[in-house]
Amino acid sequence: MQVYWCEHAWLPDGPADGVLIVVDDGRIASVMVDQPPQGERLAGLTLPGFANAHSHAFHRALRGRTKGDSFWSWREGMYALADRLTPDSYLRLARATYAEMALAGVTSVGEFHYLHHGPGGKPYADPNAMGEALIQAARDAGVRLTLLDTCYLAGGIGVAPNETQRRFSDGNAAAWQDRVRLLKADGNTVIGAAIHSVRAVPRDQLSAVDTGGPLHVHLSEQPAENEQCLAAYGVTPTALLHAAGVLGPRTSAVHATHLTAADVGLLGATRTTACFCPTTEADLADGIGPARELADAGSPLSLGSDQHALIDPLEEARRLEHHDRLRTGQRGRFTGAELVTALTNHASLGWEHVGVLAPGAAADLVTIRTDTVRTAGAAPAQLLLAASAADISRVVVGGSTVVRDGEHVSLGNVGHLLRDAIAEAFGE
């Protein structure tokens with residue numbers, strides 16, 4: 001049994017002072033407020049663990065190397081990196097990337113995994129060698145993983161995969177299903193599914209992409225995607241997915257940037273989660289999606305770091321608010337409680353009873369210091385608008401301390417791990 005005394009903590013009804021949290025067997029046994037200090041003191045504001053709902057782990061190697069002129073030129077750089085990775089090098093890169101997430105307060109990550117096969121599309125002896133590398137990497141880094149095994153069959157609507165894309169493709173959805181059935185969930189891993197996009201999965205195979213767990217899909221990230229879908233099928237990508245029965249409470253639409261009012265209505269009515277990745281959407285010049293309208297229509301919101309131009313869930317939450325301010329010219333688009341809910345949407349990754357400081361929930365705790373140059377003087381209720389990942393001092397995942405005093409407990413210097421893994425990925 002562990003006892004934590006939190007100077008401040010974000011409970012289901014908002015921030016409270018002097019919060020005593022008792023943990024037993026990895027779960028929160030009790031929560032009491034206005035308590036005198038006892039047990040282990042967590043100075044600052046303690047929140048539930050953060051959920052990174054959209055990750056491409058290998059993209060982390062591209063940070064600071066792909067200042068191109070468009071999304072499409074960036075994609076070519078990404079393909080060149082994908083060509084080089086092996087299961088062993090992917091394990092090291094993903095381990096370091098997930099460790100960086102742990103330092104930033106992430107306790108569950110959704111990995112949108114499409115780099116499946118060897119060069120030219122030749123399967124490894126273990127057809128899930130790359131996925132197993134990700135499962136091991138998350139376990140080593142101390143974070144939960146939702147492996148969103150991604151169906152990626154085409155290079156575009158009616159276009160065959162190119163040489164690199166053959167590493168992504170199983171040929172058809174039936175073959176994708178056969179491979180994914182070999183993956184096994186465990187106490188640290190949920191096996192979910194993803195449709196890469198309506199560009200990469202033909203209309204007649206969309207409904208076959210499912211594991212019964214979380215289902216994610218890139219949606220309307222670029223105007224070109226919408227134009228191609230309208231030209232080929234006469235409907236928007238959202239309408240195409242809805243007709244195929246893809247939308248619903250288990251589904252997350254990632255980016256959801258270039259939507260019509262009817263698209264927003266469909267996503268909201270089906271309770272499809274909208275996953276925003278603001279730092280990536282800014283870095284790739286994707287645009288700013290209608291986050292407030294989606295939330296008002298009924299879509300839960302989640303946040304991801306996607307291509308990892310930055311791994312800082314607090315910054316993603318802040319940009320969710322700030323981007324909507326820029327889009328509308330209005331302040332106060334989301335309450336602090338709404339931002340915390342988006343930050344801690346583990347349910348979109350298939351993890352129940354995670355992401356809240358309440359009895360019965362997983363003991364995931366993230367403590368933010370309130371005495372740094374960024375956070376000093378900020379009210380706990382508005383700390384999300386001031387703090388960064390660098391201000392996180394403690395991360396507990398399922399009752400186990402993963403980060404203490406800003407350092408990864410088991411992996412040590414994560415910067416060195418990243419440096420070495422990225423150099424290996426590029427053959428440097």
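**Entry 1. Helix H5**

I note at the outset that the model is a predicted one.

I then went through the helix itself, which spans residues 223-233. Glu225, Asn226, Cys229 and Tyr233 are buried there. Viewed down the axis of H5, these buried residues fall within an arc of 95 degrees, so they line one face of the helix. Glu227 and Ala231, on the other side of H5, are exposed. I also asked what covers the buried residues of H5. The cover includes strand E9 (215-219) and helix H6 (237-243).

**Entry 2. Glu225**

What does lie by the side chain of Glu225 is the backbone nitrogen of Ser220, 2.8 Å from one of its polar atoms. I listed the contacts of Glu225 as well, leaving out residues up to four places away in sequence. Glu225 touches Val198, Arg199, His218, Leu219, Ser220 and Pro237.

**Entry 3. Aromatic pairs**

How many aromatic pairs does the whole structure hold? My search returned 6. I followed two of them.

In the pair of Phe58 and Tyr114, the ring centres are 6.1 Å apart and the planes stand at 80 degrees, so the pair is edge-to-face. Phe58 belongs to the loop between strand E5 (50-55) and helix H1 (71-82), and Tyr114 to the loop between strand E6 (106-113) and helix H3 (129-141), so the pair ties together parts that are 56 residues apart in sequence. Both Phe58 and Tyr114 are buried.

Tyr114 also pairs with Phe168: their ring centres are 4.7 Å apart and their planes at 70 degrees, so this pair too is edge-to-face. Here distant parts of the chain are linked, with Tyr114 in the loop between E6 and H3 and Phe168 in the loop between strand E7 (144-151) and helix H4 (173-180), 54 residues apart.

I checked the accessibility of this second pair. Tyr114 has a relative accessible area of 3%, which means that it is buried. Phe168 has a relative accessibility of 0%, so it counts as buried. I then asked which residues form one aromatic cluster. The cluster consists of Phe58, Tyr79, Tyr90, Tyr114, Tyr152 and Phe168.

**Entry 4. Salt bridges**

I counted salt bridges next, and the total comes to 25. I looked up three of them in detail.

Glu424 and Arg92 form a salt bridge in which the closest N and O atoms are 2.8 Å apart. Glu424 lies in helix H12 (residues 414-425) and Arg92 in helix H2 (residues 87-103), so the pair ties together parts that are 332 residues apart in sequence. Glu424 counts as partly exposed at 32% relative accessibility. Arg92, with a relative accessible area of 35%, is partly exposed.

Asp210 and Arg250 meet through their side chains in a salt bridge of 3.0 Å, N to O. Asp210 sits in the loop between strand E8 (189-195) and E9, and Arg250 in the loop between H6 and strand E10 (251-255), so parts that are 40 residues apart in sequence are tied together by the pair. Asp210 is partly exposed, with 32% relative accessible area. Arg250, at 39% relative accessibility, counts as partly exposed.

Arg292 and Asp296 join their side chains in a salt bridge of 2.9 Å, N to O. Both residues lie in helix H9 (residues 291-297), 4 residues apart, or about one turn of the helix. Asp296 is exposed because its relative accessible area is 57%, over the 50% limit.

Lastly, I looked for a network of salt bridges and found one that links Glu293, Asp324, Arg327 and Arg333.

Methods
Residues numbered from 1 in each chain as written. Heavy atoms only, no water. Buried < 20%, exposed > 50% of the residue type's maximum accessible area, 1.4 Å probe, protein only. Helix = DSSP H or I, 4+ residues; strand = E, 2+ residues; numbered from the N terminus. Arc of directions from axis to C-beta. Contact = heavy atoms within 4.5 Å. Polar contact = N/O pair within 3.5 Å; in protein donor to acceptor, adjacent residues only side chain to side chain. Phe/Tyr/Trp six-rings, centres within 6.5 Å; stacked < 30°, edge-to-face > 60°. Salt bridge = Lys/Arg side-chain N within 4 Å of Asp/Glu carboxyl O.
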